[in-house]
Amino acid sequence: MVRHSPHDPYRNGSLSGLLASREIVVVCGPGGVGKTTTAAAAAAVAAARLGGKVLVLTVDPARRLADALGLQGIGNRERRVPESAFTDAGVKPMGELYAAMLDTKESWDTLISHHAPDARTRDEILANPLYRNISGRFVQSHDYIAMERLFEIHAEGTYDLIVVDTPPTRNALDFLDAPERMADFFSSRLLRWLIVPYRSRIVNVASKPFYQVADRILGTQFLSDIAEFFILFQSMYHGFVERARSVQRLLADRRTSFIVVSTLEVVPLREGEFFAKALADRELHLGAIVLNKVLPGYLRDPMGATIAARLRDAAGQLADQLCSRMEGADVAQVERVLAEVGSSYLDYRVVAQREAEQQSELAGPPEAFVSVPYFDTDVYDLEGLFRLGARLWGD
Amino acid sequence: MIPLLDRRLLFVTGKGGVGKTTVAAALALFASEHGRRTLVCESDARGDIAAYLETGPTGFHARELLPDLWAMSMDTEAALREYLRLNLRIPVIGRIGPLAKALDFVATAAPGVREVLIVGKLCYEVRERHYDLVVVDAPATGHIVGQLSAPQSINELVKVGLIRSQTDWMLDILSDPARTGLVVVTTPEEMPVNETMELAARVGEETTVELASVVVNRVLPELFGRTEEEIFEQLCRKELTAELGRLAGGDAGALLEAARLAVTLRRTRAGHLERLRAGIDAKVPMLYLPFLFTRFHGLRTIRQVAHSLGEELGS
């Protein structure tokens, strides 16, 4: 459903204004709603129609989509999607499209190298068993590193527009709060407290109940591993906190906007709404809501329902009348087809109505509302991306 | 393979949005209705299980919602307290200060600590035989391997100490297919199917837990057989569509278009289903649940899904 307002150019159900006016567009929302595809399509259409250099920073694309974007190789490097891929898809691009995938481990290593005061500290950190564990699996590190990488790329100033796909998170807020949490973490008093006995080399772990308990649960070796790691990390403290704050500022900047992607299914939509609210609470700019896989409006036509019911209930009679005009058709089969067409319509109608109702309840109209219909096939090539992109553009 | 409901601990996972919580709740409901004292545990404390089963909020201490059906929400801090109380036998609880903060801290530094507390609590319920079956609404596919492999990782990271000795019996329970199994919920769509196949491979390589079943949710009905499809194509020809509309008293075009959409959706999904079946070890049973063309959600949906699960499980 498109909400019109004569005063607001964004409210025509198009992302065109948003893509033209922002430097960073962060695509977020619940998992499984086509977030990655939407981000790629938005970037592709922006590159094709706006010109300039557009980068899509994606997290976990489906293999076919990754192939389409030329991302088969693992790694952080940005690659240009060849112009021939555009022309093959029947599009003459005004600008250039680049794509990059997020490699958490590699990004962390780069970050450490960047902030480490000297080569020795860097190597010690990179070799620390905890670091290896953290950079590979750190639940929140993925969220943080995505934002960190965005900051880095933006700072380089190579691209006119960066479209960022966000990692699926257990909690929608994780990546928004990741920079802040990272800063908190490294400035935590608890951290300093925890490593005191190790730093002063007085391994008197029995002196405090906390150390005693921690020691009994985790063992001294593990605790000193943790302590060593954080002592090393503390040398990078200021750089890290400053960086995290800068990332935070960038997200809140007017050059950055967020798009929430969802479907109209109950659970994703609830998460999507939650997300929109979280953005508002943090005073981040919600530029658009994109609703994917929206069933066609004709399913909600009351007349359609009447005829569908007729097909379903009077299929035999209708089949008798139709059969003479059909080639080699068996009445019983025609009857089955008609009944099936009728009841299938009515089935989908229930879902379409439920979804329309949910859509009308969506709170807080953002600047743009775009709904994307069900496509016949999955989007996995540039042609598909342009088809989706055209919808996002409001064609 | 050991029948699903003969196991004692089932982790239910899936990509976000495929109906993981619905299936976990339905599985638990079905088991409880078939004479098994069942605990359903939600691992992220969002209250979804309670909402789906239409009961009041659940907490760390299990509550009986329906006959033989208990529910709890995981809370790592409470799990740590319980663990300390059971294992340390020293009155530490009041003396270790900001436990939640300390836990947050250690868990942030050492992934696996939080997970091992969660898995530990679940294994504990199994070991103590408080229930016949524990169904876990586990983290989504991206996080489940981390959770299931936590006891192992901790085992490798922590060389001595209480946690180390505790992980041994957890691993015993987790690696025993007679007791523990993983259920992956998916829908017949591209990304969920890809993730399911990737997860199946990772679970085999990185954890000791057996993949007990794949549940394919929202399978669309097949509209036509081949000859029926030919008839359908004829009906889509302009003059026949007009004739059908005239006979039925309105425009039949939208109906045929809707049927075509349904056929296309079904066909695309059938392709993904085939890919899934070919990509998953043939001895892993797949359970198919139909798409629900209904207005409602909540307990009525859970009952309907439980019923379909029952049919697939052959009872």
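**Entry 1**

I began with Glu195(B), which is buried at a relative accessible area of 15%. Buried here means under 20% relative accessible area, exposed means over 50%, and partly exposed is in between (1.4 Å probe, protein chains only). I noted that this is a predicted model, in which local features need pLDDT of at least 70, side-chain atom pairs count only at pLDDT 80 or more, and totals for chains, interfaces and linings use all residues. Residues are numbered from 1 along each chain as its sequence is written, chains are lettered from A and ligands numbered from 1 in the order in which they are written, and side-chain values use heavy atoms, with hydrogens and water left out.

I then looked up the partner of Glu195(B): its side chain meets that of Lys15(B) in a salt bridge of 3.1 Å, N to O. A salt bridge is a side-chain nitrogen of Lys or Arg within 4 Å of a carboxyl oxygen of Asp or Glu. Lys15(B) sits in the loop between strand 1 and helix 1 (20-33) of chain B and Glu195(B) in helix 9 of chain B, so the pair ties together parts 180 residues apart in sequence. Helices (H or I, at least four residues) and strands (E, at least two) are DSSP runs, numbered from the N terminus. Lys15(B) is buried too, with a relative accessible area of 12%.

**Entry 2: other salt bridges**

I found 35 salt bridges over all chains. In one of them, the closest N and O atoms of Glu152(A) and Arg243(A) are 3.8 Å apart. Glu152(A) is in helix 8 (residues 141-156) of chain A and Arg243(A) in helix 13 (residues 237-252) of chain A, 91 residues apart. Are these two buried or partly exposed? Glu152(A) is partly exposed at 25%, whereas Arg243(A) is buried at 11%.

I also looked at Glu210(B) and Arg7(B), whose side chains form a salt bridge of 2.9 Å, N to O. They are 203 residues apart. Arg7(B) is buried, with 0% relative accessibility, and Glu210(B) is partly exposed, with 23%.

**Entry 3: Glu189(B)**

I found Glu189(B) in the loop between strand 6 (180-186) and helix 9 (190-206) of chain B. Its relative accessible area is 17%, so Glu189(B) counts as buried. What does Glu189(B) touch, not counting residues up to four places away in sequence? Contact means heavy atoms within 4.5 Å, and Glu189(B) touches Lys293(A), Arg269(B) and His272(B). The side chains of Glu189(B) and Arg269(B) are joined by a polar contact of 3.4 Å.

A polar contact is a pair of N or O atoms within 3.5 Å; within protein, one must be able to donate a hydrogen and the other to accept it, and residues adjacent in sequence count only if both atoms are side-chain atoms.

**Entry 4: the sheet of chain B**

I traced 8 strands of chain B in an open sheet of mixed pairing, in the order 3-4-2-5-1-6-7-8. Two strands pair if DSSP finds at least two bridges between them. Strand 3 (63-66) and strand 8 (286-290) of chain B stand at the edges with a single partner strand each, so one side of each has no neighbour in the sheet.

Inside the sheet, I checked strand 2 (residues 38-42) and strand 5 (residues 133-137) of chain B, which pair in the parallel sense over 5 bridges. Val40(B) has Val135(B) as its bridge partner in strand 5 of chain B.
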